[in-house]
Amino acid sequence: MAESNSNAGQNQSPAAPATPPAQPRRSRRIWGWLLLACVLGAIGLLLVWHGRQPTQTAKTRSAAAPPVQITTEVVKKGDIGVYVNALGAVTPVKTVLIKSRVDGQLMTVYYTEGQMVREGDALAEIDPRPFQAQLLQAEGQLARDQSLLDNAKLDFQRYEIAVRSNAVPKQQLDTQAATVRQYEGSVKLDQGQVDAARLNVVYAHITAPISGRIGLRLVDPGNIVHATDVNPLAVITQLQPITIEFSVAEDYLPQIERQVRAGQTLAVEALDRSQQSLLATGMLQTVDNQIDTNTGTVRLRALFQNEDNALFPNQFVNARLLVSTQTNVTVVPVSAVQRNAQGPFVYLVQSNHTVTIRTVSVGPSNGNIQAVQGVEPGELIAADNFNRLQEGTRVQPAEAAEPRRSNPSNNVAVGSAGGP
């Protein structure tokens with residue numbers, strides 16, 4: 001029994017250690033959270049400090065920045081023409097197809113391709129010998145019939161004397177009078193044949209019917225030409241004066257007609273394709289008699305003297321028709337007018353050498369001048385360096401440069417009709 005108790009004592013496990021108190025562990029946890037909060041607070045303060053630092057630096061830098069160098073323009077008063085723009089084509093006043101009026105062999109060509117010729121200049125010659133022979137025959141026939149007529153008239157005079165003395169019957173006198181009239185008809189017929197043959201000789205020498213520029217030669221010497229040929233020998237185009245035909249929207253027609261009825265001469269400018277160079281200046285010649293219902297436009301024709309041959313037939317140009325002139329309006333350079341979400345504006349230079357944004361309303365404009373409302377003549381506005389300007393920017397005005405003109409005219413164009 002004692003032995004069994006001893007074994008039981010040996011098999012019994014040792015007792016578990018006692019649990020430590022919970023208070024120290026809870027304290028360490030609280031101190032950890034407090035430490036984390038302090039770290040996060042320090043990080044937040046650091047971020048706020050860094051966020052304020054660039055703003056203060058920018059303000060300091062802005063206050064210390066040098067003024068922006070700009071070119072200035074003075075707002076002025078002036079006159080502006082109101083134009084209608086259109087795409088036009090140069091059309092010659094006269095174009096002549098040179099054709100032969102007789103049949104024959106083309107012997108000689110006297111002109112050079114592309115040459116400027118004057119009315120009456122010799123161009124070509126067709127073999128005149130057949131026509132000269134016909135003329136000779138007609139002249140011989142005329143001489144023969146003229147002699148017969150003269151003899152018949154003498155016989156008629158003799159018969160008149162004989163009838164008065166009752167030497168011959170009156171019937172014979174009447175017959176002789178009819179013979180005289182018959183020969184007179186033959187002489188007229190012969191004279192017509194002579195004139196026709198002489199005209200054919202003239203037609204064999206082809207001359208320029210108008211002054212202008214002759215084109216490429218279409219028939220070479222040695223070929224047989226006919227009056228019924230479809231293809232001409234050459235083409236002459238008149239260059240001085242010359243016209244431009246263009247179309248404008250029917251909405252402009254009342255304004256144009258009002259000026260025409262008042263006896264006003266409407267100026268028309270011809271510009272190149274880029275609308276940068278003035279080719280010629282002319283005047284409105286005529287307005288077509290009807291409106292094209294398909295396009296809602298009306299055709300106009302302007303006349304140009306073209307003394308320097310700047311306009312070429314079938315050339316495409318930009319036509320600008322002056323329909324009215326606005327006088328004593330406020331004008332500024334087009335480049336000075338900027339735009340934002342609120343609309344067009346200019347940078348007005350103030351007396352303290354800072355700029356302020358001044359909203360304006362714009363009117364007619366062209367490549368270099370803009371009519372505006374919202375600024376007064378004499379005020380100074382910025383003309384360049386707009387990407388560096390904003391409200392309140394300090395500036396250093398420079399001396400104004402000469403205005404650059406993209407157009408020889410000081411007038412401006414408004415709207416576009418039938419053109420790009």
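This is a predicted model: local features need pLDDT of at least 70, side-chain atom pairs count only at pLDDT 80 or more; totals for chains, interfaces and linings use all residues.

Modeller: Two strands are said to pair if DSSP finds at least two bridges between them. Strand 13 (residues 278-287) and strand 14 share 4 bridges in the antiparallel sense, so they meet that requirement of at least two.

Colleague: Which residue of strand 14 is the bridge partner of Val287?

Modeller: The partner is Leu300.

Colleague: What makes strand 11 (residues 242-249) and strand 14 a pair?

Modeller: They are joined by 8 bridges and run antiparallel; at least two bridges are required, so the term applies. In this pairing, Ala249 lies opposite Thr297 of strand 14.

Colleague: Why is helix 3 called roughly antiparallel to helix 4?

Modeller: Helix 3 (residues 129-164) and helix 4 (residues 170-203) pack at about 160°, with axes 8 Å apart. Angles over 145 degrees count as roughly antiparallel, and therefore the pair receives that description. Their contact comprises 18 nonpolar, 11 polar and 9 charged residues, and the crossing is left-handed.

Colleague: Which residues touch the most other members of the largest nonpolar core?

Modeller: That core has 29 residues, and those touching the most other members are Leu106, Leu123, Ile126, Ile206, Ile214, Val225 and Ile236. At least two residues each come from strand 6 (122-126), helix 3, helix 4 and strand 10 (234-237). Helix 3 contributes the most, with 6 residues.

Conventions: Residues are numbered from 1 along each chain as its sequence is written. Side-chain values use heavy atoms; hydrogens and water are left out. Axes are lines fitted to C-alpha atoms, for helices over the stretch in contact, and angles run from 0 to 180 degrees between N-to-C directions. Angles under 35 degrees count as roughly parallel, over 145 as roughly antiparallel, 65 to 115 as roughly perpendicular and the rest as oblique. A crossing is left-handed if the near helix is turned anticlockwise from the far one by less than a right angle, and right-handed if clockwise. Ala, Val, Leu, Ile, Met, Phe, Trp, Tyr, Cys and Pro count as nonpolar, Asp, Glu, Lys and Arg as charged, and the others, Gly among them, as polar. A nonpolar core is a set of buried Ala, Val, Leu, Ile, Met, Phe, Trp, Tyr and Cys residues joined through side-chain atoms within 4.5 Å. Buried means under 20% relative accessible area, exposed over 50%, partly exposed in between (1.4 Å probe, protein chains only).
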